[in-house]
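Subject: Structure for your files

Hello,

The structure is placed below for you to look through. My notes on it follow.

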There are 2 protein chains.
Amino acid sequence: MTAIETPAPFDAALLDALMERAGIDVLLANSKHNVAYLLGGYRFFFFDYMDAIGTSRYLPMVLYFRGDVEATRYIGNALEAYEREHGRFWMAEVETTTWGTLDAVARAVAAIEARGLQAPRIGIEAAFLPADAWGALAGRFGAGSLVDALFPLERLRARKSARELAILREASEKMIDAMLAVIEAHGAGTTTRELAEALRLEETRRGLTFEYCLVTSGAGFNRAPSDQVWRAGEIASLDSGGNLGGYIGDLCRMAILGEPDPELIDLLGFVEEVQQAARRPIRPGAPGAAVVDGGLAPLLRSPHRGYTTCVAHGMGLVSHEAPRLTSAGPVPYEGVDAEAPLEAGLVLSIETTMHHPRRGFIKLEDTIAVTRDGFEAFGDRGRGWNRGAV
Amino acid sequence: MTAIETPAPFDAALLDALMERAGIDVLLANSKHNVAYLLGGYRFFFFDYMDAIGTSRYLPMVLYFRGDVEATRYIGNALEAYEREHGRFWMAEVETTTWGTLDAVARAVAAIEARGLQAPRIGIEAAFLPADAWGALAGRFGAGSLVDALFPLERLRARKSARELAILREASEKMIDAMLAVIEAHGAGTTTRELAEALRLEETRRGLTFEYCLVTSGAGFNRAPSDQVWRAGEIASLDSGGNLGGYIGDLCRMAILGEPDPELIDLLGFVEEVQQAARRPIRPGAPGAAVVDGGLAPLLRSPHRGYTTCVAHGMGLVSHEAPRLTSAGPVPYEGVDAEAPLEAGLVLSIETTMHHPRRGFIKLEDTIAVTRDGFEAFGDRGRGWNRGAV
């Protein structure tokens, strides 16, 4: 990690600027990913999978006061006293006392009151803050004082540090190792549910937390694991997310039982061509839209354009995050980064997906980090037809 | 499953009665555990671990209109179209269109509006419904129309069906198998982090979703996995949660490297005595308080009473749920079931925990189902000093 002037494991000056621009005096983060980011990668193991307990739920909160990083406060569950004893928190102000939403938010209210701010504007995560906790904040400070902080938090996380890039690289490499191990070990008669379960185990063996496996076999497009059987001669796709230290390895690779015929070789070769065309423009300073435009160039002049898509989006702690390169989607600032220049440290997921009407679901998904002089592809192996056990 | 008059995989008549008592016309469930319960055990694999995606999050919703089970509606993520195609949903009204909180809640608002109810009282999960979704509901129906539905939902889930009991039994048995495998395979020099990671893998191998492992070694009380080394002659505790089909296996067992001395044999023997005394009164009709009272009888006359506790609570989809047998805790209805008679189908977790000032953390946690004529203990093995590899 490069030397920073504050004790925080993130760029506090950038956060201050983003909060200033959004008119936020106090940031109250409570989503697992943003809490983990502000805590330097820490995520409490006891509530890693579940949230519910007793009559409420786990609600960790990081309070950040603009311009005063030293006052940052963590409000955690009572069991996190163990982690505090282990010195896992960078900030001085840590409370490990809570069991639910209302006791947690009461501590946050008290800490904000203690600052003595006049009519503070509080940045919250409106899609993650529970309604009852929101009600307690609104009751004390007024609903009008609560503004959504998703945008500044996402911008804060967009450029990854060397530490984050190393984790994302390792997650991607392990994901590919796990996928190739599963493909090599399975043959005709395997169900897609068995493929997904085998991948769960292979990811776990490698230290990843398995998140999901989208899987197809044969000519079908249904990607939910099921009793569908992978038969001799058929293709299969594995698209899985696995988590390492909070960061997501998310790639898609193809498999086949037997040898691909010329048409299958051409089809995956075309998907590969689109993927390569999309990554080719990637370097600092290139406009974000150049990525998808690069992929669309061969795509739009091909006979496959009617059933093939190419998308690109940022990834990191969340599987779809900044930069937002394409304008599809219902959210107000989708596509906001299309005209902005790419920067070193951004990490992109590029996906070319073909729903071929006769041959089935053919897809590659890659993870690409923008570097100082171009890009680096993480886990960039197994991109052809990987042979299953025969 | 016993024959029921409705297509619902839960007791719709009981839910109607609970809603009536709580003054709720429409139930809007969105927590993963209650959605899974109302969907008969279904939980969407893609968002099993994570929630965040894009600029919002996964927000599944089940809408239940009191007295009209046929009108039950599921509002799911667009990718759940795959599961719909697989016939995974019992209700006729299924929408798989959403990507975030606001589009999901907009669909719920439209469905409630379409019922044409006058001033409907809507039951929500206030600790789980995101603030922005709450805002959309409150904006349309008025904040006063939104009441918390945690209590009726918890009561609905309290008595487990044969299907649920079978899952909880299997989860507990697999958990014990995993723990014993880890203990047998590890010896002096293992860190508590390595023990937890080994347990994660053993649970995964057995089809469980690992949730957490609280672990101690030596005479310490810190239960977070760490670099702490398990040394020859020392004790260790493993307290883990692992999930099977949404239901939690949660047990605690003890281990030792070498042979326990007479004092250790006595201490764990005493913990076992308290556990047995707590389960002895369990049968339908016995008051809920009899469980903890049973454990407290030997505990309060022992020299260990100053550093030993005995608690009992319901468990199932949530690790602490109804019945609520003890009055400790900050929530309004904690202890509400202490005077109520136990019923067949309730599942209890009983925990006796000793923080011994010299010898360390000694605990047993058991899972006990109330049966027609008494009780059944799930995974009731490995209750003594399990020997690690020497």
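Which elements do the buried residues of α5(A) pack against? In chain A they pack against β1 (26–29), α4 (101–115), β7 (122–124) and β8 (146–148), and in chain B against α5 (131–141). Contact means heavy atoms within 4.5 Å.

This is a predicted model, in which local features need pLDDT of at least 70, side-chain atom pairs count only at pLDDT 80 or more, and totals for chains, interfaces and linings use all residues. Residues are numbered from 1 along each chain as its sequence is written, chains are lettered from A and ligands numbered from 1 in the order in which they are written, and side-chain values use heavy atoms, with hydrogens and water left out.

The buried residues (under 20% relative accessible area, 1.4 Å probe, protein chains only) of helix α5(A), residues 131–141, include Ala131(A), Trp134(A), Leu137(A) and Phe141(A). Helices are DSSP runs of H or I with at least four residues, strands runs of E with at least two, numbered from the N terminus. Just after α5(A), Gly142(A) has a positive phi of about 95°.

In chain B, β15 (360–371) and β16 (374–378) pair in the antiparallel sense over 5 bridges; pairing requires at least two DSSP bridges. They form a hairpin with 2 residues between them.

Regards

Notes: Buried < 20%, exposed > 50% of the residue type's maximum accessible area, 1.4 Å probe, protein only.
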